Amino acid sequence: MILNALSLINYKNFEHQDFTFDQKINCFVGANGIGKTNVLDAIYHLSFGKSYFNPIASQNIKHGESFFVIEGIFEKDNREEKILVSLKKGQKKVIKRNSKIYEKFSDHIGFIPSVIISPADRDLILEGSETRRKFIDSVISQSDKNYLNQLINYNKILQQRNALLKYFALNNTFNSQTLEIYNDQLHQYGTEIFTIRKAFLETFIPIFKDRYNAISNHNEPVDLSYKSDLFDDGLDVLLMNSINKDKALQYTSVGIHKDDLEFEIDSFPIKRFGSQGQQKSFLIALKLAQFDFIKQQNKFSPILLLDDIFDKLDENRVAQILELVHNDHFGQLFISDTHADRTENIIKQVHQSYKIFKL
């Protein structure tokens, strides 16, 4: 799958910009704040229907304008696919494939698979469990429509159950039969999501470890572990046992919406004991494993977006990443960097065709 051309209108800092891309490597270079990352984010936007860096859609409209349009022309399975994402203030976002509007955004997820590696990924280490759950969900959803639908259904029922708990508290009332209806549905969807997440991580963790070992030259043992309430008991039992706590809190305190991933280096939390370089290597390995998994599932390479990844890595780790890119025959790469000379010197080592855009 290849992105041949990209057009931006009123997107972030771009008034109007057109790009035509190389089929292998494309580099965006320039000073900080010039818009390099915004181009990568526009490509991500075409894949997921939303920004990687700013989920508030209206804030991606150029200041002083009333709308934005992103259009990409892709080549997939020897067919041209035109994807358009647009938003006008006060209206709903629109996603089109070949001029046909998607009724549900979720139908588009996975059609243009992509993986982004960015300094913003540090949130996976520094922030709460929700960020890490979103990572799991985004990887699985790009190749499993059933999982995405189960997740959407679970979250709808969870919102309804939480609203019911608030209603009980406000009106000093309680109806166990109504609550049981939501419990049954959460149990059904949650159990399937847990089963899929568990199976995914059993496959994903060895891929991740191989990636990290390659980047670090096998110098540092790392691990991922999956934490879920459902390892302790069935969700139906957990919900029943937590009812008094949930009534007091006015929200659902157990379930797969509390799942988490633990990141470790040398058996210690990487958040506290990993250096900046180790943390960055960990995150790059995590995202390259995401790339491998999606490629394995879809039988073709996702688009790979590398945002400023050469910063804060020593030459050895940069060399290892390049070796991986060269050996594994990645598909199309998009790279941003502040140092034009550094980027070109690095890219020349890969011996692939490339194009450099100086912004």
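Tutor: Let us begin with Asn172, which has a relative accessible area of 75% and is exposed, because exposed stands for a value over 50%. Please keep in mind throughout that this is a predicted model.

Student: Where is Asn172 found, and what is its phi?

Tutor: Asn172 is found in the loop between α4 (145–171) and α5. Its phi is near 50°, a positive value in a residue other than glycine.

Student: Why is Ser267 called exposed?

Tutor: The relative accessibility of Ser267 is 61%, and the word applies over 50%, so Ser267 counts as exposed. Ser267 has its place in the loop between β10 and β11, and its phi, near 70°, is likewise a positive value in a residue other than glycine.

Student: What makes Pro206 partly exposed?

Tutor: Pro206 has a relative accessibility of 41%, and buried would require a value under 20% while exposed would require one over 50%, so the term in between, partly exposed, is the one that applies to Pro206. Pro206 lies in helix α5 (residues 176–216), and from Gln185 it is 21 residues apart in sequence and 33 Å apart in space, taken from C-alpha to C-alpha.

Student: How do you know that Lys287 and Asp121 form a salt bridge?

Tutor: Their side chains meet with an N to O distance of 3.1 Å, and the rule asks for a side-chain nitrogen of Lys or Arg within 4 Å of a carboxyl oxygen of Asp or Glu, so the pair of Lys287 and Asp121 qualifies as a salt bridge. Lys287 lies in helix α9 (residues 276–298) and Asp121 in the loop between β8 (114–117) and α2 (123–126), so the pair ties together parts that are 166 residues apart in sequence. Both Lys287 and Asp121 are buried.

Student: What makes the contact of Asp260 and Arg132 a salt bridge as well?

Tutor: The side chains of Asp260 and Arg132 meet at 2.6 Å, N to O, and the limit is within 4 Å, so this pair qualifies too. The pair links distant parts of the chain, with Asp260 in strand β10 (residues 260–265) and Arg132 in helix α3 (residues 129–141), 128 residues apart. Asp260 and Arg132 are both buried.

Student: How many salt bridges does the rule give?

Tutor: The count comes to twelve salt bridges. Arg79, Glu81 and Arg97 are linked in a network of salt bridges.

Student: Why are β9 and β11 said to stand at the edges?

Tutor: Three strands form an open sheet in the order β9-β10-β11, with antiparallel pairing. Each of β9 and β11 (268–269) has a single partner strand, so one side of each is left without a neighbour in the sheet.

Student: How do you know that β9 and β10 pair?

Tutor: Six bridges in the antiparallel sense are found between β9 and β10, and pairing asks for at least two, so β9 and β10 count as paired. One of the residues concerned is Lys227, whose bridge partner in β10 is Asp260.

Student: What makes β4 and β5 a pair?

Tutor: Ten bridges join strand β4 (residues 67–76) to strand β5 (residues 79–88), and at least two are needed, so these strands, which run antiparallel, count as paired. Gly72 stands opposite Ile83 in β5. The hairpin of β4 and β5 has two residues between the strands, and in this hairpin Asp77 takes a positive phi near 50°.

Key: Residues numbered from 1 in each chain as written. Predicted model: local features only at pLDDT ≥ 70, side-chain atom pairs only at ≥ 80, totals over all residues. Heavy atoms only, no water. Helix = DSSP H or I, 4+ residues; strand = E, 2+ residues; numbered from the N terminus. Buried < 20%, exposed > 50% of the residue type's maximum accessible area, 1.4 Å probe, protein only.
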